[in-house]
Amino acid sequence: MSRVAVITPDVLRAQMAGPAIRAFQISAELSAAGHDVRLISTVECSLSDPRFDCRAATWGTLKDAVGDAEVVLLQGYVTYRAPWLLNDDRMVVVDLYDPLHLEQLEQLEDRDPLERQAMLDLTVRILNEQLLRGDFFLCASEEQRHLWLGHLGALGRLNPQTYAADPTLRSLIGICPFGLQNEPPVRTKPAIRGVVPGIGSEEKVVLWAGGVYNWFDPLTLLRAIAKLVPAHPDLRLFFLGMKHPNPEVPQMRVAWQAKQLADELGLTGSHVIFNDTWVAYDERQNYLLDADLGVSTHYDHLETTFSFRTRILDYLWAGLPIVTTVGDAFGRLVTDDRLGLAVPEQDVDALATALETMLYDEDEAASARRNVTAIASDFTWNIALAPLVEFCAKPLRAADAGADRSRLTRRMVMPKPMLVRLTVRAWLLLRQGGVRVFTRRLLNHLSHED
């Protein structure tokens, strides 16, 4: 068995978002397979688990925290602050389940054009460096696999060596989607009904089980709820988490817009309730089991095409009928397996009809619940992460390891104007280190200029 270090740039605590949850579950599954696992957050860790070591590390102590691990699995921007991982001899697994560059196009839409372009350039550069170095890659769906195979091909990683080792390239990039827990959810206490003001035992509860980010469309959902309320005064929409647990994740524009629109429609506090905190990971089942329907609405754009909506997995776990927007992998799954209803983007009437059907047509709702229950076991973590567990059982450097890829990096990374480089550097220092770190670095730079 292998010694594995799993590094996440997200917070590890009771309230966790997707990247931290995924890193935690990866550690659990690898530990269950007999591997010696160390889970490391570069931000904060207040979790402990008897199955594996959990800890936090600063960028300066990360190398010591990784220790003698034979395999390092990393997420996101980790290599920007720890570039030594790209030059290390150990095996590197890169988790690409979240296409960061596509996410940035939406997340930074309202930023200054110069800052937006600089951050996107930096994100692509980091991804390129990871794709050039990685020995094994994880993605969340077949659509994502096609995306990343194209990226790998453009960087020269689809070459005679990797092709001869495995013409399917499954040994280079495996599909490891976000999963759901192997055990069914068990209610430990009431969470919505009889707890949240205005929601009693008889109301119909629609649950938005996750954060509100710029690539989602809660606005059409709110208008659909307003359309239904006159005929269905028992209808309630509950947003599970408005404040991201990671302080480095900025407040999203669409979250503010959703609150403004709910106020304008006269829904806030009566038919629409926003939870302004974040629900603990091991308590979310109580909210799911208090709901009648799970919902996820988004826009039709590039991020949607390659997305994997993790909140929908919780709906599967809890046996909830689902109403969602078409355009992504789960939209097709909901339609093909009749797990609920999928509707066109920004179609208020179609969305209102779908919500009404899944909430008030008992036969349709019961049929969807049966279909959800039947398919849920296909998405448990032990199945989702099987390719990673298999790799770690016999970890190998990629077939083209040791090849000179520096020429590709030099050809790929174009020099940027000084203003762009200074802007993104300043922005990252402020975001990651705060005013104190930024000021110290600036003064140090000026003193050297003198």
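**Aromatic pairs**

I looked up phenylalanine 178 and tryptophan 381 in this predicted model, and both are buried. Their rings form an aromatic pair, 5.0 Å centre to centre with 55° between the planes, and I noted the pair as tilted. Phenylalanine 178 sits in the loop between β7 (173–175) and β8 (204–208), while tryptophan 381 belongs to helix α16 (residues 381–384), so the pair ties together parts that are 203 residues apart in sequence.

I then looked up how many aromatic pairs the structure holds, and the number is eight. Another of them joins phenylalanine 136 and phenylalanine 391: the ring centres are 4.7 Å apart and the planes stand at 10°, so I wrote this pair down as stacked. A stacked pair needs planes under 30 degrees apart. Phenylalanine 136 is in strand β6 (residues 136–139) and phenylalanine 391 in helix α17 (residues 386–393), so parts 255 residues apart in sequence are tied together. Phenylalanine 136 is buried at a relative accessible area of 3%, and phenylalanine 391 is buried at 10%. I also found a cluster in which ring pairs link Trp208, Phe216, Phe239 and Phe274.

**Two helices**

I looked up helix α8 (residues 218–228) and helix α14 (residues 348–360); their axes come within 8 Å and cross at roughly 65°. The crossing of α8 and α14 is right-handed. Among the residues in the contact are Leu221, Ala224 and Leu228 of α8 and Leu351, Ala352 and Leu355 of α14. By class I noted eight nonpolar, one polar and four charged residues in the contact of α8 with α14.

Where is aspartate 290 found? I located aspartate 290 in the loop between α10 (284–288) and β11 (293–296). Aspartate 290 has 5% relative accessibility and therefore counts as buried, because the cut-off is under 20%. Its side chain reaches the backbone nitrogen of alanine 191 at 3.0 Å. Beyond four places away in sequence, aspartate 290 touches Arg187, Pro190, Ala191, Ile192, Arg193 and Val205.

Serine 296 is in strand β11. I found 0% relative accessibility for serine 296, so this residue counts as buried. Leaving aside neighbours within four places in sequence, its contacts include Phe216, Arg309 and Val323.

Valine 343 is in strand β13 (residues 340–343). Valine 343 and threonine 325 are 18 residues apart in sequence, yet 4.9 Å apart in space from C-alpha to C-alpha. Not counting residues up to four places away, valine 343 touches Thr324, Thr325, Val326, Ala350, Leu351 and Ala354.

How values were computed. Residues numbered from 1 in each chain as written. Predicted model: local features only at pLDDT ≥ 70, side-chain atom pairs only at ≥ 80, totals over all residues. Heavy atoms only, no water. Helix = DSSP H or I, 4+ residues; strand = E, 2+ residues; numbered from the N terminus. Buried < 20%, exposed > 50% of the residue type's maximum accessible area, 1.4 Å probe, protein only. Polar contact = N/O pair within 3.5 Å; in protein donor to acceptor, adjacent residues only side chain to side chain. Contact = heavy atoms within 4.5 Å. Axes fitted to C-alpha atoms, helices over the stretch in contact; angles between N-to-C directions. Left-handed = near helix turned anticlockwise from the far one by under 90°. Nonpolar A, V, L, I, M, F, W, Y, C, P; charged D, E, K, R; others polar. Phe/Tyr/Trp six-rings, centres within 6.5 Å; stacked < 30°, edge-to-face > 60°.
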